[in-house]
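Visitor: Please take me through this structure one question at a time, starting with a single pair of side chains.

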Amino acid sequence: MEDVLVWKVDNPHLNVLFEKRNQDRLVLDSWVDMNGLDANSNSLKNVYNRGFQFPRDGSGMEFAHGNIRVGADTGGAHEFLYCQVGVGRFHVLDDPAAAHTLPAGYDSLYVDSTLDRDHDG
């Protein structure tokens with residue numbers, strides 16, 4: 001694999017706000033595929049200046065934890081942003097095709113098709 005770029009940017013002001021907000025919450029190291037982000041609202045510069053801007057429709061964003069899957073070489077660079085995500089209390093969703101609706105009392109969804117928590121196959 002060639003042309004893999006990894007970015008980690010730190011904004012001290014945002015770091016303090018993040019740490020205060022997530023003081024008692026689960027925080028995970030995560031990867032974000034920059035090619036999958038809206039270049040206008042979540043460019044590297046915008047993320048550095050104000051953090052991620054989530055979709056207004058409430059659909060959320062995907063953050064990968066652990067190993068990342070890099071698609072086939074398309075001739076361009078693969079760009080990833082290394083960041084921390086305050087996931088808090090997460091609800092496990094074992095069917096990626098199911099509605100991504102956040103139940104009351106949860107802060108985020110953990111979507112993984114390899115799990116079968118409700119034993120429905």
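This is a predicted model: local features need pLDDT of at least 70, side-chain atom pairs count only at pLDDT 80 or more; totals for chains, interfaces and linings use all residues.

Visitor: Which side chain meets that of Arg 25 in a salt bridge?
Guide: A salt bridge needs a side-chain nitrogen of Lys or Arg within 4 Å of a carboxyl oxygen of Asp or Glu. By this rule the count is one salt bridge. In it, at 3.5 Å from N to O, Arg 25 meets Asp 107.

Visitor: How many residues apart in sequence are the parts that this pair ties together?
Guide: Helices (H or I, at least four residues) and strands (E, at least two) are DSSP runs, numbered from the N terminus. Arg 25 sits in the loop between α1 (12-21) and β2, and Asp 107 in the loop between β4 (90-93) and β5 (108-111).

Visitor: In what order do the elements run from the N terminus on?
Guide: The chain contains two helices and five strands. Read from the N terminus, its elements run β-α-β-α-β-β-β.

Visitor: Which strands stand at the edges of the open sheet?
Guide: The open sheet has three strands, with mixed pairing, in the order β1-β3-β2. Two strands pair if DSSP finds at least two bridges between them. A strand with a single partner has one side left without a neighbour in the sheet, so the edges are held by β1 (4-7) and β2 (27-33).

Visitor: How many bridges join β2 to β3?
Guide: Strands of a sheet pair through backbone hydrogen bonds, either parallel or antiparallel. β1 and β3 (residues 78-86) pair in the parallel sense over four bridges, and Val 4 has His 78 as its bridge partner in β3. β2 and β3 run antiparallel, with Asp 33 bridged to Phe 80. The number of bridges that join β2 to β3 is seven.

Visitor: How many residues of α1 are buried?
Guide: Buried means under 20% relative accessible area, exposed over 50%, and partly exposed in between (1.4 Å probe, protein chains only). The helix α1 has ten residues and lies largely in the open, because the number of them that are buried is zero.

Visitor: Is Asn 42 buried or exposed?
Guide: Asn 42 is placed in the loop between β2 and α2 (44-50). Not counting residues up to four places away in sequence, it touches several residues, including Met 34, Phe 52 and Met 61 (contact means heavy atoms within 4.5 Å). With 4% relative accessibility, Asn 42 counts as buried.

Visitor: Which residue's backbone nitrogen does the side chain of Asn 42 reach?
Guide: A polar contact is a pair of N or O atoms within 3.5 Å; within protein, one must be able to donate a hydrogen and the other to accept it, and residues adjacent in sequence count only if both atoms are side-chain atoms. At 2.8 Å, the side chain of Asn 42 reaches the backbone nitrogen of Gln 53.

Visitor: Which residue's backbone nitrogen does the side chain of Asp 38 reach?
Guide: Asp 38 is also in the loop between β2 and α2, and at 42% relative accessibility it counts as partly exposed. Its C-alpha is 9.4 Å from that of Gln 53, which is 15 residues away in sequence. At 3.3 Å, the side chain of Asp 38 reaches the backbone nitrogen of Ser 41.

Visitor: What is the relative accessible area of Ser 41?
Guide: Ser 41 lies in the loop between β2 and α2. Not counting residues up to four places away in sequence, it touches Asn 46, Arg 50 and Gln 53. Ser 41 counts as buried, because its relative accessible area is 18%.

Conventions: Residues are numbered from 1 along each chain as its sequence is written. Side-chain values use heavy atoms; hydrogens and water are left out.
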